[in-house]
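Dear colleague,

I am handing over the structure below, together with some notes on what turned up when I went through it. Please read the notes with the model open beside you.

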Amino acid sequence: MKKNIILIGFMGVGKGTTARAYAQRYNCFNIDTDDLIESKENKKIKEIFEENGEAYFRDCEQACANWIELSVDNSFISCGGGFYNVSNLKELGTIVLLDASYEWIYNRLSTAENSKAKLKKRPLFSEPKKAKKLYKEREKAYKKIADVVIDVENKTIKALVKEIHKKAYI
Ligand code: S3P
(Lines give C-alpha, C1' and ligand atoms only; values in the text may rest on other atoms or scores of the structure.)
Protein backbone atom coordinates (compact mmCIF):
# COMPACT_ATOMS: atom_id res chain seq x y z
CA MET A 1 0.00 0.00 0.00
CA LYS A 2 1.36 3.36 -0.99
CA LYS A 3 1.83 6.07 1.64
CA ASN A 4 0.53 8.92 -0.49
CA ILE A 5 -2.38 11.04 0.65
CA ILE A 6 -4.73 11.59 -2.29
CA LEU A 7 -6.87 14.69 -1.80
CA ILE A 8 -10.10 14.72 -3.80
CA GLY A 9 -13.19 16.94 -3.81
CA PHE A 10 -15.23 19.36 -5.85
CA MET A 11 -13.74 22.37 -7.63
CA GLY A 12 -13.16 25.28 -5.30
CA VAL A 13 -13.40 23.35 -2.02
CA GLY A 14 -9.82 24.36 -1.17
CA LYS A 15 -7.71 21.32 -2.13
CA GLY A 16 -4.74 23.37 -3.35
CA THR A 17 -4.62 25.67 -0.33
CA THR A 18 -4.99 22.75 2.07
CA ALA A 19 -2.35 20.69 0.26
CA ARG A 20 0.24 23.46 0.37
CA ALA A 21 -0.43 24.07 4.07
CA TYR A 22 -0.12 20.33 4.77
CA ALA A 23 3.18 20.03 2.90
CA GLN A 24 4.61 22.97 4.80
CA ARG A 25 3.38 21.76 8.20
CA TYR A 26 4.46 18.13 7.78
CA ASN A 27 7.53 18.74 5.67
CA CYS A 28 6.60 16.66 2.63
CA PHE A 29 6.15 17.31 -1.08
CA ASN A 30 2.77 18.19 -2.57
CA ILE A 31 2.10 17.56 -6.21
CA ASP A 32 -1.08 18.62 -7.97
CA THR A 33 -2.54 16.59 -10.84
CA ASP A 34 -3.67 19.69 -12.77
CA ASP A 35 -0.15 21.16 -12.47
CA LEU A 36 1.38 17.89 -13.69
CA ILE A 37 -0.97 17.80 -16.70
CA GLU A 38 -0.34 21.47 -17.51
CA SER A 39 3.42 20.92 -17.47
CA LYS A 40 3.24 17.80 -19.61
CA GLU A 41 0.92 19.42 -22.16
CA ASN A 42 2.59 22.85 -21.85
CA LYS A 43 -0.90 24.41 -21.77
CA LYS A 44 -3.30 25.71 -19.17
CA ILE A 45 -6.21 23.42 -18.23
CA LYS A 46 -8.58 25.93 -19.81
CA GLU A 47 -6.67 25.73 -23.13
CA ILE A 48 -6.67 21.93 -23.05
CA PHE A 49 -10.46 21.96 -22.67
CA GLU A 50 -10.84 24.54 -25.48
CA GLU A 51 -8.34 23.08 -27.93
CA ASN A 52 -8.45 19.34 -27.25
CA GLY A 53 -11.80 18.81 -25.52
CA GLU A 54 -12.79 17.30 -22.18
CA ALA A 55 -12.32 13.65 -23.26
CA TYR A 56 -8.66 14.36 -24.06
CA PHE A 57 -8.23 16.00 -20.63
CA ARG A 58 -9.70 12.91 -18.95
CA ASP A 59 -7.16 10.75 -20.83
CA CYS A 60 -4.43 13.05 -19.48
CA GLU A 61 -5.77 12.45 -15.96
CA GLN A 62 -5.58 8.69 -16.47
CA ALA A 63 -2.01 8.95 -17.81
CA CYS A 64 -1.16 11.07 -14.77
CA ALA A 65 -2.65 8.45 -12.41
CA ASN A 66 -0.63 5.73 -14.14
CA TRP A 67 2.55 7.73 -13.65
CA ILE A 68 1.76 8.31 -9.95
CA GLU A 69 1.11 4.59 -9.46
CA LEU A 70 4.44 3.72 -11.01
CA SER A 71 6.62 6.50 -9.63
CA VAL A 72 5.29 8.40 -6.59
CA ASP A 73 5.19 7.50 -2.89
CA ASN A 74 5.26 9.28 0.50
CA SER A 75 3.74 12.41 -1.02
CA PHE A 76 0.67 14.58 -0.70
CA ILE A 77 -1.26 14.66 -3.96
CA SER A 78 -4.00 17.18 -4.65
CA CYS A 79 -6.32 16.20 -7.50
CA GLY A 80 -8.56 17.98 -9.99
CA GLY A 81 -12.26 17.62 -9.21
CA GLY A 82 -12.80 14.88 -11.80
CA PHE A 83 -9.68 12.86 -11.00
CA TYR A 84 -11.64 10.54 -8.69
CA ASN A 85 -12.81 8.78 -11.88
CA VAL A 86 -9.42 7.34 -12.86
CA SER A 87 -9.50 3.54 -12.89
CA ASN A 88 -6.62 3.04 -10.44
CA LEU A 89 -7.39 5.71 -7.80
CA LYS A 90 -7.48 3.13 -4.99
CA GLU A 91 -3.93 2.01 -5.83
CA LEU A 92 -2.47 5.48 -5.38
CA GLY A 93 -2.74 5.93 -1.60
CA THR A 94 -5.20 6.89 1.14
CA ILE A 95 -8.08 8.83 -0.40
CA VAL A 96 -9.21 11.88 1.54
CA LEU A 97 -12.32 13.79 0.49
CA LEU A 98 -12.67 17.48 1.34
CA ASP A 99 -16.41 17.85 1.70
CA ALA A 100 -18.62 20.96 1.75
CA SER A 101 -22.04 22.00 0.48
CA TYR A 102 -22.31 23.50 -3.00
CA GLU A 103 -23.44 26.79 -1.44
CA TRP A 104 -20.35 26.97 0.78
CA ILE A 105 -18.07 26.28 -2.21
CA TYR A 106 -19.81 28.84 -4.41
CA ASN A 107 -19.57 31.42 -1.66
CA ARG A 108 -15.87 30.65 -1.11
CA LEU A 109 -15.09 31.09 -4.81
CA SER A 110 -17.22 34.14 -5.41
CA THR A 111 -15.99 36.07 -2.37
CA ALA A 112 -12.29 35.21 -2.79
CA GLU A 113 -9.93 38.14 -3.40
CA ASN A 114 -9.02 36.74 -6.83
CA SER A 115 -12.51 35.44 -7.48
CA LYS A 116 -12.53 36.23 -11.23
CA ALA A 117 -9.29 34.33 -11.84
CA LYS A 118 -10.44 31.40 -9.73
CA LEU A 119 -13.64 31.06 -11.75
CA LYS A 120 -11.99 31.76 -15.12
CA LYS A 121 -9.44 28.98 -14.87
CA ARG A 122 -12.19 26.39 -14.24
CA PRO A 123 -14.10 25.69 -17.48
CA LEU A 124 -16.67 23.52 -15.68
CA PHE A 125 -17.51 26.38 -13.28
CA SER A 126 -18.32 28.92 -16.00
CA GLU A 127 -22.06 28.42 -15.46
CA PRO A 128 -23.09 28.09 -11.80
CA LYS A 129 -26.26 26.15 -12.70
CA LYS A 130 -24.25 23.52 -14.58
CA ALA A 131 -21.67 23.42 -11.80
CA LYS A 132 -24.39 22.73 -9.25
CA LYS A 133 -25.74 19.91 -11.41
CA LEU A 134 -22.25 18.41 -11.64
CA TYR A 135 -21.88 18.70 -7.86
CA LYS A 136 -25.14 16.79 -7.36
CA GLU A 137 -24.02 14.11 -9.82
CA ARG A 138 -20.68 13.58 -8.08
CA GLU A 139 -21.64 14.00 -4.43
CA LYS A 140 -22.29 10.33 -3.71
CA ALA A 141 -19.45 8.98 -5.84
CA TYR A 142 -16.90 11.11 -3.98
CA LYS A 143 -18.09 9.74 -0.64
CA LYS A 144 -18.17 6.19 -1.91
CA ILE A 145 -14.57 6.14 -3.07
CA ALA A 146 -13.09 8.10 -0.13
CA ASP A 147 -11.31 6.33 2.75
CA VAL A 148 -11.66 9.44 4.91
CA VAL A 149 -14.22 12.26 4.64
CA ILE A 150 -13.32 15.67 6.08
CA ASP A 151 -15.98 18.32 6.47
CA VAL A 152 -14.26 21.64 5.71
CA GLU A 153 -16.99 24.11 6.67
CA ASN A 154 -16.21 26.40 9.60
CA LYS A 155 -12.68 25.05 10.10
CA THR A 156 -9.38 26.84 9.84
CA ILE A 157 -6.77 25.54 7.39
CA LYS A 158 -4.57 24.73 10.38
CA ALA A 159 -7.29 22.53 11.92
CA LEU A 160 -8.02 20.85 8.58
CA VAL A 161 -4.39 19.96 8.03
CA LYS A 162 -4.13 18.51 11.53
CA GLU A 163 -7.30 16.46 11.04
CA ILE A 164 -6.06 15.04 7.72
CA HIS A 165 -2.76 14.05 9.31
CA LYS A 166 -4.48 12.37 12.22
CA LYS A 167 -6.98 10.43 10.12
CA ALA A 168 -5.00 9.59 6.97
CA TYR A 169 -1.29 9.58 7.64
CA ILE A 170 0.07 6.04 7.78
C1 S3P B 1 -12.33 19.66 -12.97
C2 S3P B 1 -11.73 20.31 -11.93
C3 S3P B 1 -10.54 21.18 -12.12
C4 S3P B 1 -9.75 20.75 -13.34
C5 S3P B 1 -10.63 20.71 -14.53
C6 S3P B 1 -11.81 19.73 -14.37
C7 S3P B 1 -13.52 18.82 -12.71
O8 S3P B 1 -9.69 21.10 -10.95
O9 S3P B 1 -9.15 19.49 -13.14
O10 S3P B 1 -11.09 22.02 -14.78
O11 S3P B 1 -13.89 17.98 -13.55
O12 S3P B 1 -14.11 18.94 -11.61
P13 S3P B 1 -10.04 21.79 -9.53
O14 S3P B 1 -10.91 20.82 -8.79
O15 S3P B 1 -8.71 21.98 -8.88
O16 S3P B 1 -10.72 23.07 -9.81
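**Enclosed space**

A search of the whole structure finds 1 cavity of 30 Å³ or more. A word on the basis of these notes: this is a predicted model, in which local features need pLDDT of at least 70 and side-chain atom pairs count only at pLDDT 80 or more, while totals for chains, interfaces and linings use all residues. Residues are numbered from 1 along each chain as its sequence is written, and side-chain values use heavy atoms, with hydrogens and water left out.

Rolling a probe the size of a water molecule over the atoms shows where empty space is left. On a 1 Å grid over the protein atoms alone, a cavity is a set of points where a 1.4 Å probe fits but cannot get out, whereas a pocket is an open set with protein on both sides within 12 Å along at least five of seven lines, and lining residues have an atom within 4 Å of a point. Grid points are joined across faces, edges and corners, and a volume is the space filled by probe spheres set on the points.

The largest cavity holds about 60 Å³ of space, and the residues that line it are Phe10, Val13, Leu97, Leu98, Asp99, Ala100, Ile105, Tyr135, Glu139 and Tyr142. Strand E4 (94-99) and helix H7 (128-145) each supply at least two residues of this lining; helices (H or I, at least four residues) and strands (E, at least two) are DSSP runs, numbered from the N terminus. The lining divides into 8 nonpolar, no polar and 2 charged residues, where Ala, Val, Leu, Ile, Met, Phe, Trp, Tyr, Cys and Pro count as nonpolar, Asp, Glu, Lys and Arg as charged, and the others, Gly among them, as polar.

Tyr135, one of the residues lining the largest cavity, is found in helix H7. Tyr135 counts as buried, at 7% relative accessibility, buried meaning under 20% relative accessible area, exposed over 50%, and partly exposed in between (1.4 Å probe, protein chains only). Leaving aside residues up to four places away in sequence, Tyr135 touches Phe10, Asp99, Ala100, Ser101, Tyr102 and Ile105, a contact being heavy atoms within 4.5 Å.

**Pockets**

The largest pocket has a volume of about 730 Å³ and is lined by 33 residues, of which Asp32, Asp34, Ile45, Lys121 and Arg122 lie nearest its centre. Among the elements that each supply at least two residues of its lining are helix H1 (15-26), strand E2 (30-32) and helix H2 (33-41), and H1 gives the most, with 4 residues. The lining of the largest pocket divides into 8 nonpolar, 9 polar and 16 charged residues.

For the second largest pocket the volume is about 170 Å³, and its lining includes Lys3, Tyr22, Cys28, Asn74 and Tyr169. Here the division is 7 nonpolar, 3 polar and 1 charged.

**Core and cysteines**

A nonpolar core is a set of buried Ala, Val, Leu, Ile, Met, Phe, Trp, Tyr and Cys residues joined through side-chain atoms within 4.5 Å. The largest one has 49 residues, of which Ile8, Phe10, Phe83, Leu89 and Ile164 touch the most other members. Not counting residues up to four places away in sequence, Ile8 touches, among others, Lys15, Cys79, Ile95 and Tyr142.

With a disulfide taken as a pair of cysteine sulfur atoms within 2.5 Å, the count comes to 0. The sulfur of Cys28 is 14 Å from the closest cysteine sulfur, in Cys79, which is too far for a bond; Cys28 is partly exposed, with a relative accessible area of 22%. For Cys64 the closest cysteine sulfur is also in Cys79, at 7.9 Å, again too far for a bond, and Cys64 counts as buried at 6% relative accessibility.

**Two loop residues**

Asn27, in the loop between H1 and E2, has a positive phi of about 55° although it is not a glycine, and it counts as exposed at 73% relative accessibility. Asn74 lies in the loop between H4 and strand E3 (76-78); its phi is near 55°, a positive value in a residue other than glycine, and at 51% relative accessibility Asn74 counts as exposed.

With best wishes
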